[in-house]
Amino acid sequence: MRTSLRSRKFTWTIPPGIAVVLFFLLAGCSSDLAGAKAIPSYPSAAEIVSATSYVYPLKASKNGRYLVDQNGKPFRIQGDSAQSLIANLTYAEAELYLADRQSKGFNTININLLEHKFAVHAPADRNGDPPFTSPGDFSKPNEAYFKFADSIIDLAASKGMLVSFAPMYLGVNGDDEGWWKVLTNSLNTQKVCYNFGLYVGNRYKNRKNILWVIA
């Protein structure tokens with residue numbers, strides 16, 4: 001079993017004329033959490049004091065050739081790929097990891113919202129919370145899981161870091177590394193998937209340090 005973060009340094013260049021606006025509306029319905037265990041409270045980005053050098057959200061430059069922040073400051077992505085971070089680390093471990101990457105000059109972290117295979121308890125996180133209260137049912141998102149995911153996005157924001165955010169890695173040729181087979185099972189109808197997309201989009205639409213990606 002692979003348990004690493006699959007961390008790899010990368011640099012992205014935005015091709016000329018390409019608008020870098022990737023939004024995910026694949027598939028929000030509220031989950032039934034009756035009888036669920038208490039959900040831990042995590043600090044928000046506003047509660048964590050840290051100096052930042054960019055004003056998010058990012059946008060395309062006037063000529064469409066690169067990214068800039070809200071003040072027009074060019075943003076060159078110096079990123080680390082840690083797709084399994086949300087599922088594979090505790091909050092304390094994530095803080096240490098992000099602090100280390102920040103100290104080394106990284107400004108972007110690539111993260112999957114949902115991890116299908118490459119985590120200790122995949123698809124559950126290290127707290128033991130799965131993303132759905134019923135396995136593979138996108139109509140039943142688990143608040144405990146997504147609240148922890150929120151905390152990781154906010155932790156990155158507190159360090160001035162952009163999150164390259166993949167809502168759901170589908171896998172290569174529909175294999176078990178990703179969510180393709182679950183996405184297309186009988187439970188997840190077009191309506192269920194659409195509503196899940198609304199759930200994810202609405203949940204994170206106000207997080208300014210996100211760059212949405214589909215992989």
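Me: Where is Asp69 found?
Reply: In the loop between β3 and β4. Bear in mind that this is a predicted model.

Me: Asp69 is buried, so what makes you say that Asp69 has no salt bridge?
Reply: The nearest side chain of opposite charge is Lys73, at 5.9 Å.

Me: What makes the backbone nitrogens of Val55 and Asn71 polar contacts of Asp69?
Reply: The cut-off is 3.5 Å between N or O atoms. A polar atom of the Asp69 side chain lies 3.0 Å from the Val55 nitrogen and 2.9 Å from the Asn71 nitrogen, so both pairs count. Beyond its sequence neighbours within four places, Asp69 is also in contact with residues including Ser53, Tyr54 and Pro57.

Me: How do you know that β2 and β3 pair?
Reply: Pairing takes at least two bridges, and 2 bridges join these antiparallel strands, so they pair. Ala60 stands opposite Leu67 in β3.

Me: Why are β2 and β4 called edges?
Reply: The open sheet runs β2-β3-β4. β2 and β4 each have a single partner strand, so one side of each is left without a neighbour in the sheet.

Me: Which residues have the most contacts inside the largest nonpolar core?
Reply: Leu85, Phe138 and Tyr204, in a core of 39 residues. α3 gives the most to this core, with 8 residues. A second, separate core of 8 residues includes Tyr54 and Phe75.

How values were computed
Residues are numbered from 1 along each chain as its sequence is written. This is a predicted model: local features need pLDDT of at least 70, side-chain atom pairs count only at pLDDT 80 or more; totals for chains, interfaces and linings use all residues. Side-chain values use heavy atoms; hydrogens and water are left out. Helices (H or I, at least four residues) and strands (E, at least two) are DSSP runs, numbered from the N terminus. Buried means under 20% relative accessible area, exposed over 50%, partly exposed in between (1.4 Å probe, protein chains only). Lys and Arg count as positive and Asp and Glu as negative; His and the chain ends are not counted. A salt bridge is a side-chain nitrogen of Lys or Arg within 4 Å of a carboxyl oxygen of Asp or Glu. A polar contact is a pair of N or O atoms within 3.5 Å; within protein, one must be able to donate a hydrogen and the other to accept it, and residues adjacent in sequence count only if both atoms are side-chain atoms. Contact means heavy atoms within 4.5 Å. A nonpolar core is a set of buried Ala, Val, Leu, Ile, Met, Phe, Trp, Tyr and Cys residues joined through side-chain atoms within 4.5 Å.
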